[in-house]
Each structure stands twice: as structure tokens, then as C-alpha cells.
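Subject: Structure handover

Hello,

Here is the structure for your files. My notes on it follow below.

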Amino acid sequence: MLWEVDVCLRDADADHAARALVAGAAELAIAGCTRARSTAGWLIEGEISRPEAERLAARLLADPVTESVTVAEVGDAALLAGPAGLPTALHVLPRTGVTDPAGQSACEAMRLLGVEPVAVRSVRKYWLPSLPPADVERLAWKLLASEAIHDVVVGPLALATLGGGRPWTFTQETVRLEGLDDAALAKVSRSRSLALSPRELAAVRDHFRGLGRDPWEIELETIAQTWSEHCCHKTLGSPIDHVGPAGPVRFDNLLKETVFAATRTIRERLGPHDWCVSVFRDNSGVVRFDGDHDICVKVETHNHPSAIEPYGGAATGLGGVIRDVLGTGLGAKPIANLDVFCVGPADTAPDDLPPGVIHPRRLLAGVVAGVRDYGNRMGIPTIAGAVAFDPGYLCNPLVFCGTVGIMPRHSAAGAAVRAGDLVVVAGGRTGRDGIHGATFSSEELSSASESQSGGAVQIGHAIHEKMLSDFVLEAARQGLFHAITDCGAGGLSSAVGEMGATLGATVDLEKVPLKYEGLSATEVWISEAQERMVLAVAPADWERLAEVAADEGVEATAIGTFTGTGKLLLRWHGRTAGDLECHFLHEGRPKARLESRFVPPAIEPQVWSERLGAGATLDAALVAVLSLPDVASKEWIIRQYDHEVQGASVIKPLVGPGSGPADATVIRGVLGRDRGIALGVGLRHRLGTRDPYQMAAGGIVEAIANVVATGADPDRIALLDNFCWGDTRRPESLATLVEACRACHDMALEFMAPFVSGKDSLNNVFAWTDATGTHRELSIPPTLLATALGQIDDVRRAVTSDFKRAGDRLAIVGLSCGDLAGSQLELLGLVRGGRGPAVDPAACRAAFHAVSEAARAGILSACHDCSDGGLLAAVAEMAIAGGLGARVDLDATPSEIAVPTAARPFATAFTETPGRFICAVPAAVAERFAGVMQGVPWAWLGSVTPEAALEITAAGAAVQVPLDRLARAWRTAAGAERSRG
Amino acid sequence: MLSPRALVLRAPGTNCDHETAHAFERAGAIARRVHVKALAEKPTLLDDIQILCIPGGFSYGDDIASGRIFALELALRLGDALRGFRDRGGLVLGICNGFQVLLQTGLLLADAEGRPRAALAHNRSGRFIDRWVRLEVRGTKCPFLHGLDAAFDLPIAHGEGRFVTASQADLDAFDAAGQLVLRYAADSTGSPTNPNGAAADVAGACDATGRVFGLMPHPERFIDATHHPAWSGRFDTAAAGAGLAVFTNAVKTVS
């Protein structure tokens, strides 16, 4: 029997889904959709009587105060009797095989009421006026449903069952490689989407020739996962012959000899004072925090899944990086999240979208909602982030998710799998989620296209991960496991593979708990189903661990043993499904030597707009800069994230009475203690194509400056790299990646700030055939996201960016230069060409230490770094945040600017030279501040005023801008907010 | 004398239990986090405590509605035990998700048969929102709020916090009985801070005894001066945040 329960809000004004639908219809210029209603529906399958169904509705599914309810069997006319004037019923429901958290929660809750459903699925139902079918279709797919995960049914639901699946019967598929030439091998790789090169497949072929057989499917899949770009830094770890600006360089392993090497050198220099604990080894980078804690941090990308299904892609991206932290050492507690999005321009015309590309506004709304719903449910504050808008990201949006964790000292070193340990999988059940091109095998699970999507897209279930997290941390507290890692890309194959890389393991795949029957051994092994972790557990601890899991309502299953044979043996009911040598799996990949040739982009001379002579004014430019998408307020996003849960918040993303932007956010590491953690990011993507080295260097400096501005100790800053690149197969584009790596190496050493973890996402290129039939390609700009994890001795000394008191003096620290390529001023069209700003490491280092000393001495009333929008934007943000004005004399700015006289004020006001700070200093301590700044380029710039306005003097002339005008401009970020959340 | 004991009750998806327990400890109580499964198996745990707190979070994912499943579980498995605890003079505090749970268990603002007469609906904006609000206390009925005479700030963080009643008559009755004890107030600039469209600006309410109290704002997120978004350079960092009073009041009341 299949029941449908429809729950409807009595108060039509409170029907937000309907209101969003009507607003969206207007934007799509669909006439006649001026009214709508929405209904939360539940499909319940099982031997359930009407009274039982009605009891479920009344006790569980509907609110007696605010909602009305309809209960009927699917197909019953009562379910199609909509509100007056809204005859069209449109159903949106998750596709078979796609995770349905609401349905699962409801199903579990019904057992409380003594009802045992076979399955429950949630369905959203919309009531529309009678519209042309084409318009209904457009509404459905443009506003309500995602083709990747939803079914849409207009009119009655013709559904007999929610589907089940039937058991898989063991078959052993051999993949013939013997005798195949490169062309044939390439075909095998393509047809099975293995992403292995002919050279790599040849190595596999030759290895198995030695064993006298061809590989089985499951073995080949395991190798493909282990050798994938995602699991081993294929490109960054390659030997490369590079020809750079400084001549030819030969790398045997690019990453090892740049980023890792810098960290190694720093640790050697620090000697006994080395504060790194575990770098580039574990699931996240670990550094010392206080006497009894270490902290760890990891930032991941989830670009391609988010491009297909923004909500699910971003949510599972966050879920994955949270598990990376949970799976560090012997388990770390996640205490903060960050998210950074790079998307196309919000005002992109819908007609300009290449086929299959989601509009940036809908995409941004989707990824924000994904992070919100997953992070908020996990109870981890999302405290830091950024959004960048650039045409280069239109087809390949970037979604970065990061997590910070805290763990007892020595936990990181303590983790090691031992021979004889059980292989335990804990958390969610395994389905076809995330299996590349997987196709459902049993006819009960509907059509092939559905199963494709059901497989390709992962949907997160945050509460299952929260329960998993509670279980892991309790088991860690009781010391019930020897090692732990998360099931991410490659699923069990890479989790168990990595943990057993030297010891080897035997796994009985039929023991893995499934969401539904029908998965083959290979699918079980490589599924990327979410919310799972693998633990190595001593047999003696297994019983206790199972109890802890049961107490938290988490499923934990022993599926095998870490053996010590050095072999990865996969079984299905005792029969051998796969048999791999760990050494070949992890060391057998042939490495190709890559060519890299740097072609310096032509630098056009700097050209200033005629508007300079024709009425362009500083105040107008400032107002325009503040409302540019990169600079404008992100409050509409920040407020959707719970950034205060866990009670450790010290500096929030929005600070001061006027809710201005903070540089970095600060939290206490441990409740009741005063030592703090500062988190900041840097992104200089606009320089990516013009100067990859300075793009990376500038981003790193910005990330460091952000945490230093809040009072973080510049001698305790850990860095993370996230490289997102376009095509790196061509020597000239690979060279931009090499140059960025060199910048990471150099900057880390300059600032003694070690990289502790990182990740790369390459080949972010989109190819399509446009309306005119011509082949087109769009690549993202070379993008390095730098993340800085800082530490503050005493959070009560932390400094925020908001002005505090009229009368405080204003200083600018750091030298301003006239290079404006990639600046917001360039986006305004007031200038173009020239170079981008270059990092002066010595000057930055001096500024960092001086600002930090001033903060520690307690003589800064406010501090803000100059980044997007430069000096004037920074001062304006400080004024908005504090609700106070300022008097600023640009002519006082220490600078090396050679531009036409008319342009000088604009260059000074808006240059984005990295490593500069605006400091507010109480007049009483002005002398001391000057003392601290000895040897640093700095100058008094003006003062904080009680008037609600900025008074800017340049070249002798003064202009006044009212604060409310600046605030209004800055808050027009709301432009993006109108996107449907 | 012995420190009072507080039990912080958690369910799958509860996520404010640690800082809430920390706030009780700061206020001088001995706080223990207990899973609802454990309490259902051993309801006598309530005999040894004086304060029961249901903290914030997304119990069971809030996928059907906020607090719905948790409330159902409590009503089915612990209804009598909870009523007994209240009638013995125990204090019950529900914060955010805990407030949503209390209303649906019938322990707070329900009719004689224990049917809910009030609910917390989706915010008017239709969105989850994290921001700070100005609050003021009405009347003296609720021991948790004693001494909080001047308006004070707390953060809210919820998607479903719009207080509604089954009817205007219910609203008037609860108001007349002095149970709508915590209201969103105007901020320093005089503009209203009601963040979700709550009826009568209600941010928190108590039962007829005053001992069962639920609120949407998070007092455990303002126990240190440094929790406030504008603390830096303005507040005495040694001072406690306004939210701590809710916990110290509870401790005083049962001591």
C-alpha cells in the first residue's frame, strides 16, 4: 500500500516556497503565474491501515497549530483537489537512489509510533494556475527541480512502489588488456571512464602479465581510483622540465621540491621550536596549539559536483572536509568551517549561458544553501569565506570548503594501523552514490538516465554525519581505535587501500551494509556514499566500540582485517573478487616527465580613462567600488550561516555596531581559555592570467595580513594551498602552475609560514558548441586560494576593523605602488593595462611584525588590511562598521607612484598593493605607535571623526561623502541576494 | 551546600550541548550531557537533578519540522517523568530547538489536555538567520529572568522561530497570565529588532508556574563580554555577558 500525506500551511502568507515560485515566474517572464501554493508531501509504503496513516499524519507530519493535512492513497482524487483557482498539481521528488534525508528521518520516526514502513519518500507539491505545459516545464526545471536528482510529475502521481532492488549475484568480470596497443588501451580507459593514460594502463597490463592473467574489473577500478588525479597529486607530483623567467629548472617532484621543501626548511630552521606536528601526511595539517592541544586544518574543493548540482555538491564538499578533520590522527573535533566560492558574474544574461551551465545567481544561491544546511546542522560555525565573481568561472565555478579541528596532543602521532586490526566501516549505508557513470542494474530502480544521475550526484545527510562525529569523538576519548580515515573519493577502495598501504587487508564486501540491494562487489568497493568512515580496531576493543556506536545510533560493521601480507584481498561470500599487491597499487604508477614553458604575457602600457579629466571624482569612484560584487557586503550569505554555535566566537565575520567586514575571524580554541585561533583567506585570481607568481604571492600575503590585522602572532601562521587550474596539459599553461608553486615556496620562507596541507583541482575547462556551430572553450583563470591559520595568545587583545572613538588618529602602514592591473579600479574602467602589484616581502614582513607588536601592546583601537578596493575602501568599511566618520589626507600616503597628476589621487586611493594596513590609534598613545613603527614605511593619514561622513583630501582639494551613502552602496550586495535561496 | 545538578539532554542532531553545559558549570552547577536514549532507559536520572535543559540544535535533522521528532519521542517515552519532574519543583529550560521541542511536548503553552496552543513557524524572511537582537523582560513570573531589568542583547540563530498561537484569544490569555516573558525590543537606534515576525514580539515564554521556560535566543552564546559583536574596544573584557544571568538565576532558584 502506498499512502500520500499532504501537509499545507493554513496561513498562505507564510508559504515562502510559493512566494519564491511566483517571484521566479515573474523573472522568467511567465505570465499568469501570479498565485501558487506549496505542500509538503510524504509517500509512505507498507502494510499500513488508514487509521495508522492518519495517526502518523496527526502526531508526526503536521503541526496542529499551523498546518492542515490530507491523507489518501496515491492516485486518490482527494490528492488532486487543490486550492481554488490553482488546478495544476506539480510534484517534485528525489529520484530513486538519491539520498532523501527527510524521507529517512520520517521513516525512522514512524517506528516510534509503532508503524514499520517499507520506505518513505518526501515530495514537494506545488499548486499552479492553469498554464501552457511548456511554461509549467520551465517553472519546474528552472526554479523547482534539479535534473540531476529530481523527478517532476505534473498531474496525478502514477506510482505503485518506491522501489527496492534485488540482490546481486556474484560474477567475475575480466578486463582484457593483454595484446592491446595504446589506441586500444585509451579506448578501454574512455569506455570505463577510468581516466588512466595508455602509458599507465600499459603498466597495469604488464604487471598482470607477470601474474599470468588479465585484471578483473574490481582490480582495475581500484587502480584507477588510487592513481586518479584526485587521490595522488598526479601533475603536481610529476617530474617537470620547466623553463621559467629565471631560466630552466628541473623538478623530479614539483610539489616536494617547492611547497613541501619550504616547510621542511622552516622546520629545520625552527629546530627545537618547530611547531608543526604533522604536515602533508594525514587527512589534514596539524600544528601545535597550547600545552595540551594541537589544531588541524584542511581545505578541499568540490567544483564539478557543485557545477552539476550546487546544493548537493557544496553540502557534500563540506561534509567531506569535515570527515577529513574527524579522520586526522586519532580523531579531531571540528570547530570551524570556511567556504569560498568563485562564480560567474551575477548579471550574466541567461541567453549567454552555454548549454548545461547553471546561472551564477542560481548556482550561488544553491551552494550557499548547501553549506548552510549542512554546516548549521553539524553545529560547526561557518566563520570565514569569500566570494569572487569573474567571467572565467561561468562554466567551472569553484567551491572551496574548509574545516579547522582541535585534538589532544600526541593524538596525531599516535595513529597507526596494526596487523590483526579489524577493518570497521561506520556511519551511513552504501548505495550507488558517486559512482562514475554507474547504471542501476535492477529494473525496479526505473530508467537508466535516472540511475546515471542517482549515481553521479551525492546528497549529504548532515544528521547522520553529526551522529557519526559524536560516535568518533567518544570512541577516540575511550581510545577504541588505532587509526581512522574518511570514505571520500574512491570510497572504501581508497580508504582501506590507504590505511592498508603497507600491511595489506582482506575485506569481505558482502558484509558492507547497503541502502538497497543490487550493488555489485565493485560498486560496493568504489561507491562514494557519504557520511562513512573506516577505523582500524583491535579485536579486543571491537565489542566496546560497537556499544559506543549503538549508544549514538550509528551503524558500525567489521568488514575485514588488516593482515600484514602486503596484499589487498577482496572477497564476496568467501570467493575471491580481487587480489592486488599493495606495493604495485601505491608505487606502480609510471610517472611521465612533463614539459613546462613560461610565456610571459605581453604587458600593455597603463592607460587612464578620459573620464579622469571629465568629471570623474574620488567620491563617485569610492561609491562605485564599494558596490562592486567582490567588495560589497556578503551579509546576505553570512547571516544564513550559524557562525556562533559552539560558543567560542570572538571576532565574527561582521563586526561593530554597523556590522562591517572583519579581516579574519577569531574563536577560542577551548571554552573558558583565552588562547585563540584566527582564520583568514587570500585570493588574487584577477592576476592569474597576467602574473601567476604574483597572483599566488599576493594571495598568500593577503591571507597572512588578514589574520595579523586581528592580532595574530606572525611567527605562528600555518598556510594551506588550493590550486585550481585550467588545462595543465599544455607546456605554457603548466608553467603558470609551476610559477605559482615557486611563489608558495618563496613566500613561505620569507614569512616563515609553513604550508601544512593543500589540494589541487586541475583541468577546469569547459568545451561546447555554440549557437553558430563553432567549438568553444572556457578555462578558469589560474587560481590559488591561500588560507592562513593564525594563533592569538589572548583573545581579549584581539583587534577589530570598526572605528571605536572619534579623535583616534589614523595611520597607513606599508608602501603604496601605482600598479593597478587586476584592481577594482580597473573593473570600473578608469584604468587598464600595466602590471599587477608585486609583493615586497621585506616590507610586508616588517609591516606584519610592527602591526602585531602594536596589537599586543594594546595601542590599536582598530585595524584593517587594504585589499580589494584599496585604501579608501578599507577606511570606508571601518567607518561603516563603527558608525563614525574619518578625515583622510591621501597626499600623506607613503608611495612610489608614477602616474599622470590627474590620476595620482585615484591611484593612491584604490591601488591594491599587498601588505598594507589602516590602523586607528588613540591620540594618547600616538607616540608609542610611532615608536613601534620604526623602520616601517608608514604615515599619519588623518583621524576618526564624529561626523557621519568621510572627508577626503587629495592634491589639496577636499571632498565629503556621507556615511549612509557609502553604507547603501556597500550593501547593494543584495543584488545577489535576490537569487532564489 | 552541594552544587545543583543540571542535565543537558541531547538527541541526534543536538549541537549546543557542550557550550550550554559549559554555561551551567560557569554558573556554579554540575552539568551532565545525557543522550535521550539513555534517559528513556533510565528516567530515574531525573531524580538526582534540579535543572533540565534541552539545548539548541537540529534534533533528528528537523527534516519534518523543528523539534518534531524529539518532542514526539519525549511525549511517548518520558511524558510522565517530565511532568513529575516539573511538579517536584524542577526547572526546565528550552533554548532554540529546545523551545520548539517544549511547545510540541505540551509542557509549555498547551491546553488542559496537553494539546499545543502555540508554535514556532518559519521566519517571515523564509530564511535561517544568525544575528544579535535587543531583548526586554516582561513581568517577574519567570525565575530564569530575575534581575534582567534593563534591555539586553543576545544572538539568535534559527530558521523557525516565529512565535504564533492557535488563536488571538490564546495570545491574549497567555499575555494576561504574564507568560510571554521575553520580547524583542527596539535597539539603540529605536528600530525594532523582531527578527522573524513573532506575534507580540515574543522571544520567550514560560508556563503557568514560571519554572518551564523556552526562548529562541541563545543565552549560552553571551556569557563572556567577548561574545558580543561590538565588544572590542568598548566592553570590559573581564565582565560576563548578559546571557550568563539565565544560568546563574536557575542555579540560585534551586539552591
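This is a predicted model: local features need pLDDT of at least 70, side-chain atom pairs count only at pLDDT 80 or more; totals for chains, interfaces and linings use all residues.

Residues are numbered from 1 along each chain as its sequence is written, and chains are lettered from A and ligands numbered from 1 in the order in which they are written.

Sheet. Seven strands of chain A form an open sheet with mixed pairing, in the order β37-β40-β34-β41-β38-β42-β43. Helices (H or I, at least four residues) and strands (E, at least two) are DSSP runs, numbered from the N terminus; two strands pair if DSSP finds at least two bridges between them. The edges are β37 (862–865) and β43 (957–962) of chain A; each has a single partner strand, so one side of each is left without a neighbour in the sheet. From one strand to the next the twist averages 20°, with axes fitted to C-alpha atoms (for helices over the stretch in contact) and angles running from 0 to 180 degrees between N-to-C directions.

Within chain A, β38 (885–889) and β41 (938–945) pair in the antiparallel sense over four bridges. V888(A) stands opposite G942(A) in β41(A). Helix α19 (618–626) of chain A packs on the sheet and touches β42 (949–954) and β43 of chain A. The direction of α19 makes about 40° with that of β43(A).

Loop residue. R589(A) lies between α18 (582–587) and β22 (594–597) of chain A. R589(A) is buried, with 20 other C-beta atoms within 10 Å (buried means 20 or more such atoms, exposed 12 or fewer, partly exposed in between, with C-beta atoms placed from the backbone). Beyond its neighbours within four places in sequence, R589(A) is in contact with E200(A) and W227(A), contact meaning C-beta atoms, placed from the backbone, within 7 Å.

Regards

Methods: Two residues are in contact if their C-beta atoms, placed from the backbone, lie within 7 Å.
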